[in-house]
Amino acid sequence: MCAAVCAGVAAWTTAGGDQGTRRARLVLAGAGAADLAPRWDWERPLRVVRRLRREWLCLPVALVLAVLGASVLPLVVCVIAVPLVGRRLRAGERRRAQERRADAVIALCGGIAGELRAGRQPGQALLTAGRATGALGGAEAAVLAAARFGGDVAAELRRAAHEPGAEGLAGLAACWRVSVDGGAGLASGLDRLEAALRSDRDQREGMRSQLAGAWSTVVVLALLPVVGLGLGWALGADPLRVLLHTPVGVGCLLVGGLLEAAGLCWAARIVRAGELP
């Protein structure tokens, strides 16, 4: 019995020794009793939710439909839909990243021009503006090293221009090459390049705003089947039972789903083609 008690005391001391020492130090330092109480990290669940991919939101919707319809077919559709939705979301994230990179390139041209007018040398201006804007992306170390140690800055900028959204760096490389070889004013060339890039961006945004109505029409057409199911429930029918438990309903569901997907892809392709310059 004494051996068991001693073993328990030793285990408790080993596991909680650090905590007891910390509490003793807080007490001796004059800390209040409220500081000794364990604190719950209320942001931990929010961080867990943020780490989850948005495409997994299809799972609770499928679970609700599976329970309401007493069928596993919504779960099967969810297994197919999750990778497709994830691919679509990641494509949107890449597109937004490209737009942010293009905006950063515009800011880089304006920043270099401003630094040059403030009296800095081209290499120093590129170092300052490149770190501030983050437009160089993964090629930032190579470009800044070339600017600092007298390397071929234009060649490094052309390599960086191959990354998505950084196509404007090719124009910056051309301006840099002309100013180094021919002695032309780099600031004036960068001003014209910034104006051209900004004009292209404004044109794309204007086209996108004009096509917002078309996108709204596509979304409304995509939600019409859901509205039809809601009307069926409102009229006292059981559309899920018909669609999930009868051969005719399953056939209609498959054909309708294929037609819905084909229509959405076709409409999205037409609208996206209008967004291209």
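This is a predicted model: local features need pLDDT of at least 70, side-chain atom pairs count only at pLDDT 80 or more; totals for chains, interfaces and linings use all residues.
## Ground rules

Local features need pLDDT of at least 70 and side-chain atom pairs 80 or more, while totals for chains, interfaces and linings use all residues. Residues are numbered from 1 along each chain as its sequence is written, and side-chain values use heavy atoms, without hydrogens or water.

## Helix α10

Let's start with α10, which covers residues 186–210; helices here are DSSP runs of H or I with at least four residues, numbered from the N terminus. Its 25 residues reach 36 Å from first C-alpha to last, close to the 36 Å expected (1.5 Å times one less than the number of residues). Among its buried residues are L190, L193, L197 and R201; buried means under 20% relative accessible area, exposed over 50%, and partly exposed in between, with a 1.4 Å probe and protein chains only.

## Salt bridges

Nine salt bridges are counted, each a side-chain nitrogen of Lys or Arg within 4 Å of a carboxyl oxygen of Asp or Glu. Two of them tie α10 to helix α5. R208 pairs with E99 at 2.8 Å, linking α10 to α5 (residues 73–117) across 109 residues.

D103 and R201 pair at 3.2 Å. D103 sits in α5 and R201 in α10, so this bridge ties together parts 98 residues apart in sequence. D103, R201 and D202 join into one network through shared partners. D103 is partly exposed at 33%, whereas R201 is buried at 19%.

Note on methods. Helices (H or I, at least four residues) and strands (E, at least two) are DSSP runs, numbered from the N terminus.
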